[in-house]
Amino acid sequence: MTKQERDHGGGLDAAVAKFGGNRIGWIDLSTGINPHPYPPQALAHDACTALPDKAAEARLMAAARGFWDVPAEADLLAAPGASALIAQIPRLRPAASVRIPAPTYNEHAAAFEAHGWSIVSKGHSDAQVVVHPNNPDGTRWTAETLPAPEAALTIIDESFCDVTPSETLIALAARPGTLVLKSFGKFWGLAGLRLGFVAGDPQLVSQLRTTLGPWAVSGPALQIGAAALADQRWARQTRARLQQDANRLDHLMTGAGAQLQGGTTLFRLYEVDDAAAWQTRLARHHIWSRIFPYNARWLRLGLPHALHWPRVEAALA
């Protein structure tokens with residue numbers, strides 16, 4: 001993937017400029033962020049004024065290990081978002097070849113290319129990256145179907161796997177040369193908190209820890225993250241609600257002529273006759289969606305907040 005093809009959800013300011021209104025009046029379905037975020041409790045009085053302490057970090061890491069069942073052999077590191085880790089991972093090994101099955105989240109290829117790696121689609125590769133479940137089509141991977149078993153460095157991005165925890169490949173974090181990424185912003189709906197994790201080969205994780213430096217995670221993120229990761233009841237209820245809402249969105253979209261292509265319960269991918277025309281149709285109702293430069297028939301939608309369903313239904317009627 002070239003630098004010109006790097007695209008993301010969001011871009012709401014441009015949509016507002018083109019179609020009118022103001023940000024607060026728009027429904028942004030262009031991302032895969034839970035529209036009903038985890039409700040954080042009041043912060044400790046010094047969460048924003050004191051340097052993050054070791055005890056707060058230890059509480060967060062214990063909660064993360066428990067929530068994801070991180071193997072004892074794997075090290076675990078918290079970072080200011082999974083994107084911060086993605087940008088640094090290519091520096092862990094000398095630049096060589098990396099296989100990144102496409103289409104997928106494009107920051108992985110961009111990061112490897114920025115550090116001089118060659119992106120290959122077949123033959124031998126020294127590293128491999130898979131997004132599990134994949135963004136945007138929801139493809140799942142297994143230990144047996146990884147595309148480059150010979151790779152010395154394996155990156156498994158599980159940013160969207162918290163909706164289907166039974167499918168996690170976290171057990172592979174115990175393998176040498178393997179790193180498993182976890183995002184906090186997607187499932188818990190707190191993307192602005194900037195919190196992500198990597199579990200895996202202790203030597204590789206140690207290198208990333210050195211690169212990030214001290215106090216990489218803010219005091220509020222340490223406190224909110226620890227509470228959220230310990231709240232299994234909220235997680236179970238959220239998975240059930242996301243499944244119901246994904247089914248509801250599928251019913252609306254297929255009734256309007258779209259065909260489901262895949263996704264997760266945080267985002268749905270549809271095939272339509274003209275994705276740009278569908279995006280414009282929804283934008284006239286101040287609903288923003290995601291289209292892709294490499295497929296003119298793909299439209300991706302996140303889930304609406306409970307209060308926004310009537311507007312989405314009206315736009316698709």
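I began with the interface in this predicted model: domain 1 and domain 2 bury about 1600 Å² between them. Carbon and sulfur atoms give 69% of that area.

I then asked which residues of domain 1 lose the most area to domain 2. I found these to be Ile33, Arg239 and Phe267, which together make up 29% of what the domain 1 side buries.

Next I looked up the bounds of the two domains. The domain assignment places residues 12–37 and 233–316 in domain 1, and residues 45–230 in domain 2. I noted a separation of 26 Å between the two domain centres, taken over C-alpha atoms. To the contact, domain 1 brings 21 residues and domain 2 brings 20 residues.

I turned to the pairings across the boundary. How many salt bridges are there between domain 1 and domain 2? I recorded a count of 0. For polar contacts, I recorded 6 residue pairs across the interface, with both residues at pLDDT 80 or more.

I then traced which elements supply the side of domain 1 that touches domain 2. Helix H7 (232–255) and the strands S9 (259–263), S10 (267–271) and S13 (295–302) each supply at least two residues. Of the elements on this side, H7 gives the most, with 5 residues.

Definitions and conventions
Residues are numbered from 1 along each chain as its sequence is written. This is a predicted model: local features need pLDDT of at least 70, side-chain atom pairs count only at pLDDT 80 or more; totals for chains, interfaces and linings use all residues. Side-chain values use heavy atoms; hydrogens and water are left out. Domain bounds come from an automatic or database domain assignment. Contact means heavy atoms within 4.5 Å. Buried area is the accessible area (1.4 Å probe) that two parts lose on being put together, summed over both. A salt bridge is a side-chain nitrogen of Lys or Arg within 4 Å of a carboxyl oxygen of Asp or Glu. A polar contact is a pair of N or O atoms within 3.5 Å; within protein, one must be able to donate a hydrogen and the other to accept it, and residues adjacent in sequence count only if both atoms are side-chain atoms. Helices (H or I, at least four residues) and strands (E, at least two) are DSSP runs, numbered from the N terminus.
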